[in-house]
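I opened this notebook to keep track of what I looked up in one structure. The entries follow the order in which I went through them.

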Amino acid sequence: QNSSISRMNPSVIGADVDASFAQFSRRLGELILQSEANRNRVCALGGAEFLCRLLDRAVDDAVLEGSAVALSNLCLTDEGRTLAEKSGGIEGLITLLGAPVGESVHAAAAGALRNVACGISGRLKIAEIGGVEKLVRLLEEKSSDEVYENAAAALANLSDDAGNRERVAGCGGLEALVNLCNTSQSDAVLACAAAALGNLADDDHHRVRIAKVGGLEPLVRLCGSSVHDGTLEAAAAALANLAYNDANRKRIAQLSGIEPLVWLCAHSRNDSVLESAAAALGNLAYFNELNRMRIADTGGLHALFQLCDTSGSEAVLESAVGALRHVVYKSESNRQKFARMGGLELLVRLCSVSESEGVLESATAMLRRAVSGPDTAARLLEA
């Protein structure tokens with residue numbers, strides 16, 4: 001069985017052969033997804049090398065699409081990504097991005113690169129041979145939602161690397177992603193584009209650049225208008241990263257970005273959305289007195305308190321108590337409101353039951369400040 005795959009020699013000698021290879025590559029992709037044992041068997045039999053040869057030699061769109069999809073499935077694991085890279089798969093996929101083929105092939109190739117870019121080596125290799133520029137070009141051209149989704153997701157994964165962030169920004173990627181956030185009607189596209197902007201905002205240089213090209217406005221709008229949890233999580237997380245910049249904190253508030261984040265903290269039932277929205281409020285409150293007051297006045301203090309009081313997710317608790325720490329910091333009014341809600345008792349309970357270092361750090365810091373006042377100190381002893 002090993003030799004039957006290794007001796008396969010893809011070519012373009014007729015429609016019947018193309019149809020056979022297309023059907024075989026699709027079936028191979030299905031088998032890879034069915035079980036780990038199947039995936040390991042395909043790898044052991046040279047499946048990655050076979051699929052990469054198909055990418056290099058075939059010209060039929062159905063064969064190319066099936067091969068790219070199967071390779072994408074194989075690249076869901078570290079082993080598969082390594083085999084694809086060693087077999088020349090990254091080069092073949094990037095070539096397809098700029099080839100005169102159908103949108104379905106472009107989507108499949110971008111989808112495979114999306115998975116390849118989950119690995120450090122793959123991210124570097126894609127950038128080294130021009131993949132970043134070709135992915136951005138796909139976003140700039142008229143194409144399908146599937147192409148936009150996979151290309152934006154690939155850029156999001158690539159942007160975990162600082163050098164890649166520079167490449168994306170340098171070839172027009174920021175503008176292309178912001179344009180998607182402004183124009184797309186697809187929840188999947190919006191979620192991936194917002195996620196890419198969020199990863200690109202991992203350093204202050206790009207936070208400033210994203211704001212300059214109009215990236216704050218659509219992200220605020222998505223937080224207030226989308227009903228798709230993936231989009232809401234990505235947009236709120238992007239705002240959280242962008243709000244590390246002082247000018248962005250002020251601008252987001254001017255755009256009425258605080259109110260939709262408060263609403264999400266009060267009404268969402270999705271832990272990932274809650275974690276991101278709470279983190280965004282915390283960063284907006286950081287060393288910004290006006291934002292702290294606005295968060296409290298629009299119900300944010302109460303919403304964050306409720307999250308800390310009722311959430312069973314450590315990640316949500318960590319974001320919410322961290323946000324509370326910033327909202328009450330150097331604000332006597334907010335500290336008193338928090339105390340009247342039962343905040344001191346809540347902090348004592350969190351310190352007693354939570355195993356999260358982030359929760360404990362924020363809760364104990366708030367308690368240390370609380371004991372500086374005689375009234376709150378007395379309540380703390382009672383708690």
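**Entry 1: two loop residues with positive phi**

I started at S256, which sits in the loop between α18 (246–254) and α19 (258–267). I was working with a predicted model, so every value in this notebook is computed. S256 is not a glycine, yet its phi is positive, at about 60 degrees. I then looked up its accessibility and found S256 partly exposed, with a relative accessible area of 38%.

I noted a second residue of this kind, K330, which is other than glycine and has a positive phi near 55 degrees. K330 is in the loop between α23 and α24 (332–340). Is K330 buried or exposed? K330 counts as exposed, because its relative accessibility is 56% and the cut-off for exposed is over 50%.

**Entry 2: the protein as a whole**

I went back for the overall picture. I found 27 helices and zero strands in the protein. The C-alpha trace spans about 85 × 40 × 30 Å along its principal axes. Of the 383 residues, 51% count as buried. I also looked up the contacts with a separation of 6 or more: residues 24 or more positions apart account for 68% of them.

**Entry 3: helix α7**

Helix α7 covers residues 89–97, and seven of its nine residues are buried, so the helix is largely enclosed by the rest of the structure. I listed the buried ones as G89, I90, G92, L93, I94, L96 and L97. Which helices cover these residues? The cover includes α4 (47–57), α5 (61–74) and α6 (78–86), as well as α8 (103–116), α9 (120–128) and α10 (131–140).

**Entry 4: the loop between α25 and α26**

I turned to two serines in one loop. S354 lies in the loop between α25 and α26, and S356 has its place in the loop between α25 (343–353) and α26 (357–370). S354 is buried, with a relative accessible area of 8%. S356 is buried too, with a relative accessible area of 10%.

I looked up what each one meets. The side chains of S354 and E314 are joined by a polar contact of 3.2 Å. Leaving aside neighbours within four places in sequence, S354 is in contact with E314, V359 and L360. Under that same exclusion, S356 is in contact with E314 and E318. A polar atom of the S356 side chain lies 3.3 Å from the backbone nitrogen of V359.

**Entry 5: the second largest pocket**

E318 came up again when I looked at the pockets. The second largest pocket is lined by 15 residues, and those nearest its centre are E318, G322, A323, H326 and S362. The elements that give two or more residues to this lining are α20 (271–285), α23 (314–328) and α26. Which of them gives the most? I found that α23 does, with six residues. The space in the second largest pocket is about 240 Å³. I sorted the lining by residue type and got five nonpolar, seven polar and three charged residues.

**Entry 6: L307**

I next looked up L307, in helix α22 (residues 300–310). L307 is buried, with a relative accessible area of 7%. Not counting residues up to four places away in sequence, L307 touches C265, L274, A278, V316, L317 and A320. I also noted V321, which is 14 residues from L307 along the chain, with 8.5 Å between the two C-alpha atoms.

**Entry 7: cysteines**

How many disulfides does the structure hold? I found zero. A disulfide is a covalent bond between the sulfur atoms of two cysteines. I checked C308 and found its closest cysteine sulfur in C265, at 9.9 Å, which is too far for a bond. C308 counts as buried, at 2% relative accessibility. For C181, the closest cysteine sulfur is in C192, at 10 Å, which is also too far for a bond. C181 counts as buried, at 4% relative accessibility.

How values were computed: Residues are numbered from 1 along each chain as its sequence is written. This is a predicted model: local features need pLDDT of at least 70, side-chain atom pairs count only at pLDDT 80 or more; totals for chains, interfaces and linings use all residues. Side-chain values use heavy atoms; hydrogens and water are left out. Helices (H or I, at least four residues) and strands (E, at least two) are DSSP runs, numbered from the N terminus. Buried means under 20% relative accessible area, exposed over 50%, partly exposed in between (1.4 Å probe, protein chains only). A polar contact is a pair of N or O atoms within 3.5 Å; within protein, one must be able to donate a hydrogen and the other to accept it, and residues adjacent in sequence count only if both atoms are side-chain atoms. Contact means heavy atoms within 4.5 Å. On a 1 Å grid over the protein atoms alone, a cavity is a set of points where a 1.4 Å probe fits but cannot get out, and a pocket is an open set with protein on both sides within 12 Å along at least five of seven lines; lining residues have an atom within 4 Å of a point. Grid points are joined across faces, edges and corners, and a volume is the space filled by probe spheres set on the points. Ala, Val, Leu, Ile, Met, Phe, Trp, Tyr, Cys and Pro count as nonpolar, Asp, Glu, Lys and Arg as charged, and the others, Gly among them, as polar. A disulfide is a pair of cysteine sulfur atoms within 2.5 Å.
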